[in-house]
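Here are some notes for a colleague who is opening this structure for the first time. They are meant to be read with the model on screen.

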Amino acid sequence: MEQKKKIVIKVGTSTLTGGSNRISYATIENLARQILSIRDRYNVILVSSGAIATARQFAEIHQAGTAQIDSKQALAAIGQPKLIRIFDEVFGSLGLQVAQCLLTYRDFDNDTARENVRNTLHKLLEFGYIPIINENDTVAVDEIIFGDNDKLSAYVAIISEADLLMLVTDIDGIYTQNPHLHPEAELIENVADTEAVKAFIEERDNGLGTGGMTSKIYAAELCLRHGLEMRIVNGSRPAFISGALSGAFRHTRFGG
């Protein structure tokens with residue numbers, strides 16, 4: 001295990017749903033096959049959003065689609081075990097073993113908790129398990145309100161001493177303008193200074209996840225501060241993990 005590099009892959013809700021309002025089994029199977037293809041070179045930690053989107057396939061809660069935080073927390077509690085069951089079934093069918101880790105930001109602030117998380121992740125990788133991490137939305141609301149696990153994945157990458165954080169989303173990376181609103185926008189492939197690209201951020205709510213480019217820039221700042229490389233990759237591209245690692249298609253890279 002020590003000879004392999006360590007990669008944290010964060011998959012957002014928009015990717016897991018394939019742009020729809022339901023979790024895509026095909027997307028999760030594709031993700032599993034891609035992880036399987038790089039396991040000889042990388043130990044993989046997965047940070048997954050999508051608990052609320054999963055719950056909406058099974059439950060109707062009054063005002064759940066609005067800004068009612070307690071309704072969204074209830075949906076997260078319903079959806080999280082269903083989401084991990086989907087991962088377990090799909091990944092298990094390909095011989096990949098998974099383990100669930102639910103964290104809050106208090107786990108990173110406390111020295112003892114932080115060490116326990118680090119040790120747990122290390123042991124899971126040693127035993128050949130893929131840790132699947134999400135925020136414990138029942139007791140914390142940070143990612144429900146803003147972030148879609150972008151910041152959480154950066155903390156996980158830092159605490160696990162990863163070599164790379166890959167944020168998988170529905171866009172190729174940072175552009176000079178929002179490409180959904182401005183077709184002439186140009187992709188920025190390499191970013192050394194996050195301050196230089198903040199002026200280009202122009203958010204647009206897609207109604208799925210909560211993580212826009214602002215939260216990804218914040219995650220990049222955390223990574224760069226600790227000497228970690230981060231990349232933003234479009235999850236709709238075929239073989240988006242290995243393709244990004246090999247430079248087969250354009251994406252945004254921070255540091256490295």
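1. Helices here are DSSP runs of H or I with at least four residues, numbered from the N terminus. Their axes are lines fitted to C-alpha atoms over the stretch in contact, and angles between N-to-C directions run from 0 to 180 degrees. The model is a predicted one.

2. Overall make-up. The protein chain contains 10 helices and 10 strands. It has 256 residues, of which 52% count as buried. Among contacts between residues at least 6 apart in sequence, 73% join residues at least 24 apart. The chain exposes about 11700 Å², and carbon and sulfur atoms supply 47% of that area.

3. A helix pair. Helix 8 (residues 150–159) packs with helix 9 (residues 213–225) at an angle of about 15°, and their axes are 8 Å apart. Angles under 35 degrees count as roughly parallel, so helix 8 is roughly parallel to helix 9. On the helix 8 side, the contact is made by Asp150, Lys151, Ala154, Tyr155 and Ile158. Helix 9 contributes Ser215, Lys216, Tyr218, Ala219, Leu222 and Cys223. The crossing of the two helices is right-handed.

4. Cysteines. How many disulfides does a search of the whole structure find? The search finds 0.

5. Thr194. This residue sits in the loop between strand 8 (190–191) and helix 9. Is Thr194 buried or exposed? With a relative accessibility of 7%, Thr194 counts as buried. Leaving aside residues up to four places away in sequence, Thr194 touches Ile217, Ala220, Glu221, Leu224 and Phe254.

6. Backbone points to check. Most residues other than glycine have a negative phi. Glu161 has a positive phi, near 60°, and is not a glycine. Glu161 lies in the loop between helix 8 and strand 5 (164–169), and it is exposed, with a relative accessible area of 59%.

7. A further positive phi. Ala239 is not a glycine either, yet its phi is positive, about 50°. Where does Ala239 lie? Ala239 is in the loop between strand 9 (229–234) and helix 10 (240–246). At 34% relative accessibility, Ala239 counts as partly exposed.

Terms used
Residues numbered from 1 in each chain as written. Predicted model: local features only at pLDDT ≥ 70, side-chain atom pairs only at ≥ 80, totals over all residues. Heavy atoms only, no water. Disulfide = S-S within 2.5 Å. Buried < 20%, exposed > 50% of the residue type's maximum accessible area, 1.4 Å probe, protein only. Contact = heavy atoms within 4.5 Å. Areas by Shrake-Rupley, 256 points an atom, 1.4 Å probe, with all protein chains shown as cover. Parallel < 35°, antiparallel > 145°, perpendicular 65-115°, else oblique. Left-handed = near helix turned anticlockwise from the far one by under 90°.
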